[in-house]
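Please open the structure in your viewer and keep the selection panel at hand, as each stop of this tour begins with something to select.

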Amino acid sequence: MPDVASPKIPVTVLTGYLGAGKTTLLNRILSEPHGKKYAVVVNEFGEIGIDNDLVVGADEEVFEMNNGCICCTVRGDLIRIIDGLLRRKNDFDGIIIETTGLADPAPVAQTFFVDETVGAKTSLDAVVTVADAKWLKDRLKDAPEAKSQIAFADVILLNKTDLVTETELKDVEMRIRAINPFARIHRTQRSEIAIDKVLGQGAFDLDRIQAIDPDFLEGGHRHFHDEDMRSYSFSTDKPLDPDTFFPWIQDLTQREGVNILRSKGILAFKDDPDRFVFQGVHMILDGDHQRPWRADEPKLSRIVFIGRQLDAAALEKGFLSCVA
Amino acid sequence: MADTSSPSSLTSKLRPLDLGGAVVGLRFLGPIAAFVLGEGEIVLVDEAETRVRAHHGAVLSVSGDDKRLLTGGDDGRVVATAADGTTQALFEQKGRWIDQVAAGPDGASAFSAGKTAHFLPVKGERKSHDFPSTVGGLAFAPKGTRLAVAHYGGVSLWFPNAQAKPEFLEWKGSHRGVMWSPDMRFVVTTMQEAALHGWRLSDGGHMRMTGYPSRVTSMAFTTGGKFLATSGSSEAILWPFASKEGPMGKQPSMLAPRDVRVSAVAAHPRDEVIACGYEDGLVLMVRISDGAEILLRAPDGGAVSALAWRGDGGALAIGTESGAAGLTVF
């Protein structure tokens, strides 16, 4: 009997600075009566009460790959752990990776694109970041890790909202938006949130890239922008030339990949009825034709970069030079 | 699918086995084929099939010699299984994974959990050593008490009975599997990248073996150490190791090309012949001198995950990821 292709096991990455409420969120996810079983990769044993789920300790071993990408790092310990977990794959429905407060999310995410076995059997579902509503602004100033965790996130729990005023909350949300316009932000207390807002997000699934919402991007929050880490978005209603675009984006991510944390785009190519979507993590790009443009849909090409010390003028010029 | 040239076939000699779980390792214990299933069972096959539960969880590593099978599991156990089905836990540490095991000469064993490698002599105390990062591969030298320990950044050669610091063979990157050449002149690793790296021990000379489309997960020295046969490409890649320099500056031989990748190789213990298993379940026997192929198993979809020759070369055992397995007696 030929094997029926089994669906890939979804992987959720939980990040967040020390004390933001990651472990509380993890405990909530695991104790909900969802009838699912998770394999959980943690950094320290002891804090989680689990009867039913598999728990594995990680060592945070960041490995450089010798493949010419200067910034291509992976988590060697995760490759090993996931290889091991896959040997009992019928035992669980998903994998949740809790990172330490000081961890860089990039090597974790890159592991799922770079390692063949891991990439073939699992898929990164989303990076979920828990942020402390009271202290995040300070951490964004003094902790580069906290900034990376916000920049990288697909879902952000703005936690401990009971400790701040509505004005302070709006302010911190705007700061988050200036860095990361993609992420869905949820206000929480004691990490309390419906599980379906955290798991099953499909954030790296090209089929699920619907729109890059311009409201987030041009919301007039520029005066709050972070000089170091921020997002840039460019768009054009003129069709692009794929023969110009692909060399440009590949060259750009090769040169600037260290500074570009995430990228995303929905593109309209000349004489092409389909939307082309892509997303990237540093130098790693993943893109495909998605679906035909609908008749009622403006054929707008839009591209977004989240990164540090990016040259906005050069990015815009480069992107617009891809117009056919 | 089968080649149109339709090579000679011995598929009629295959005794199919349905093991009900993915095969992660395979050894012959004398005349008995021992199939290790990923979920902790061992199936011993001669005329009958005997099932033994060695681990309460997943098996992460398999080694052995012709008398015992060594397995390491995510239940923290190192288990030795004999041909009669008796099992013995050589080590147990709750809450740890045993990532690597290796069977040594004279009944000695080694295993690793995280960064720590342990040496277990038949008599005497267990010796341990912490390496700079998680142990990716562990192999005893064919003679003497010396272990090659692969980790991030290279390989350490550890003499567990000596006080001296392990000798370090450096090469950037993450090293996973490790193997000695039978004459002990070379050490070769499989890397996280789609490449092998080797060191010539006499002078520390480097051997980069690259060009694979995917990671190498299976390798074997052919009889007398003449070639190193490897998986990872859509043909078996054989690096020439017969000369003093090893494969440096030489092209590998490529045997049994198909449009499907090779997932497992095993070298015949006596003749210049390899068994070559593919990702679709097909298995070929290939003569190295002229590339002549004999079909041993038709494709069924499940990737070949393990191959082992009986010590006398008179039988080949085949394991796959789907749980379908087989035994061919020539």
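Begin by selecting β7(B), a strand that is mostly covered, with six of its six residues buried; a residue is called buried if 20 or more other C-beta atoms, placed from the backbone, lie within 10 Å of its own, exposed if 12 or fewer do, and partly exposed in between. Before going further, note that this is a predicted model, in which local features need pLDDT of at least 70 and side-chain atom pairs count only at pLDDT 80 or more, while totals for chains, interfaces and linings use all residues. Residues are numbered from 1 along each chain as its sequence is written, and chains are lettered from A and ligands numbered from 1 in the order in which they are written. Helices (H or I, at least four residues) and strands (E, at least two) are DSSP runs, numbered from the N terminus.

Three residues lie between β7(B) and β8(B), and the two strands form a hairpin. Within this pairing, V59(B) has G73(B) in β8(B) as its bridge partner.

Next, show both chains and look at where they meet, a contact that takes 25 residues from chain B and 16 residues from chain A; residues are in contact if their C-beta atoms, placed from the backbone, lie within 7 Å. On the side of chain B that touches chain A, β7 (59–64) and β17 (167–180) of chain B each supply at least two residues, and the largest share, three residues, comes from β17(B). That side of chain B has six nonpolar, twelve polar and seven charged residues, where Ala, Val, Leu, Ile, Met, Phe, Trp, Tyr, Cys and Pro count as nonpolar, Asp, Glu, Lys and Arg as charged, and the others, Gly among them, as polar.

Staying in chain B, select the open sheet of four strands with the order β11-β12-β13-β14 and antiparallel pairing. Its edge strands are β11 (100–103) and β14 (127–130), each of which pairs on one side only. Between β12 (residues 109–113) and β13 (residues 116–120) of chain B there are five bridges in the antiparallel sense, and S109(B) stands opposite L120(B) in β13(B).

Turn to chain A, which has ten helices and 14 strands, and of whose 324 residues 44% count as buried. Select its open sheet of seven strands, where the order is β3-β2-β6-β1-β7-β8-β9 and the pairing is parallel. β3 (54–57) and β9 (184–187) of chain A stand at the edges with a single partner strand each, so one side of each is left without a neighbour in the sheet. Inside this sheet, β1 (residues 9–16) and β7 (residues 122–132) of chain A pair in the parallel sense over eight bridges, and the bridge partner of L14(A) in β7(A) is V128(A).

For the last stop, select helices α3 (residues 105–114) and α6 (residues 144–152) of chain A. How do they pack? They pack at an angle of about 40 degrees, with their axes 9 Å apart. Here P105(A), A106(A) and A109(A) in α3(A) meet S148(A), Q149(A) and F152(A) in α6(A), and the residues of this contact divide into four nonpolar, two polar and no charged.

Notes:
Contact = placed C-beta atoms within 7 Å. Pairing = 2+ DSSP bridges. Axes fitted to C-alpha atoms, helices over the stretch in contact; angles between N-to-C directions.
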